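Welcome, and thanks for taking a look at this structure.

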Amino acid sequence: MKWHTYIIYSKSIDKFYIGYTQNLSLRLARHNSGWGKFSSRGIPWELVYFEEYEDKSSAIKRETAIKRKKSRKYIEELVSKAGGRPEIREVSSAPLLKPCR
């Protein structure tokens, strides 16, 4: 099973969250069920970007690289290039996103 680095967006708090997982659907469901202190504040979360990796280590490295940028502009550019638009994208349309890399 592949690993993913992902970005989700909450319109209600206007924040992005970056993480990694092996199961995008389950992870998004957990965020939207209030699992985790930060996640519970931003429900509903929308998947706006993801990349696929063969191993966990690569997914973690990419997550760390994105977080180290500490730049909302950088994240918005990634999302935009992938076709994600946080202001209009619905959770139900998230599978239309293509993995980027």
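Predicted model: local features only at pLDDT ≥ 70, side-chain atom pairs only at ≥ 80, totals over all residues.

E51 belongs to strand β3 and R62 to helix α3 (residues 56-69), so their pairing ties together parts that are eleven residues apart in sequence. With that pair in view, here is the rest of the picture.

**The overall layout**

- The protein chain has four helices and three strands.
- Read from the N terminus, its elements follow the order β-β-α-α-β-α-α.
- Of the 101 residues in the protein chain, 41% are buried.
- Taking contacts between residues at least 6 apart in sequence, 60% of them join residues at least 24 apart.

- Strands β1 and β2 run antiparallel and are joined by seven bridges.
- To find one of these pairings, look at I8, whose bridge partner in β2 is Y17.
- Four residues sit between the two strands of this hairpin, and D14 has a positive phi there, near 55°.

**Helix α1 and its buried face**

- Helix α1 covers residues 24-32, and its buried residues are L24, R27, L28 and H31.
- Viewed down the axis of α1, these buried residues fall within an arc of 100°, so they line one face of the helix.
- At the N-terminal end, N23 caps α1, with a side-chain oxygen 3.3 Å from the backbone nitrogen of S25.
- After α1 comes G34, which has a positive phi near 90°.

**A closer look at H31**

- H31 is part of helix α1, and its relative accessible area is 1%, so this residue counts as buried.
- The side chains of H31 and Y6 are joined by a polar contact of 2.8 Å.
- Leaving aside residues up to four places away in sequence, H31 touches Y6, I8, Y17, S39, I43 and W45.

**The nonpolar cores**

- Which residues build the largest nonpolar core? There are eleven of them: I7, Y9, F16, I18, V48, Y49, I66, I75, L78, V79 and A82.
- Strands β1, β2 and β3 and helix α4 (72-81) each supply at least two residues of this core.
- Helix α4 gives the largest share, three residues.
- As a general background, nonpolar side chains in soluble globular proteins tend to be buried together.

**Salt bridges within the helices**

- K67 and E63 form a salt bridge, their closest N and O atoms being 2.9 Å apart.
- Both K67 and E63 lie in helix α3, four residues apart, which is about one turn of the helix.
- Are the two partners buried or exposed? K67 is partly exposed, at 41% relative accessible area, whereas E63 has 9% relative accessibility and counts as buried.
- In helix α4, E76 and R72 are also four residues apart, about one turn of the helix, and their side chains meet in a salt bridge of 2.9 Å, N to O.
- E76 is partly exposed at 36% relative accessibility, and R72 is partly exposed with a relative accessible area of 34%.
- R72 and E76 also belong to a network of salt bridges that takes in D14. D14 is the residue with the positive phi in the hairpin of β1 and β2.

Conventions. Residues numbered from 1 in each chain as written. Heavy atoms only, no water. Buried < 20%, exposed > 50% of the residue type's maximum accessible area, 1.4 Å probe, protein only. Arc of directions from axis to C-beta. Polar contact = N/O pair within 3.5 Å; in protein donor to acceptor, adjacent residues only side chain to side chain. Core = buried A, V, L, I, M, F, W, Y, C linked by side-chain atoms within 4.5 Å. Salt bridge = Lys/Arg side-chain N within 4 Å of Asp/Glu carboxyl O. Pairing = 2+ DSSP bridges. Contact = heavy atoms within 4.5 Å.
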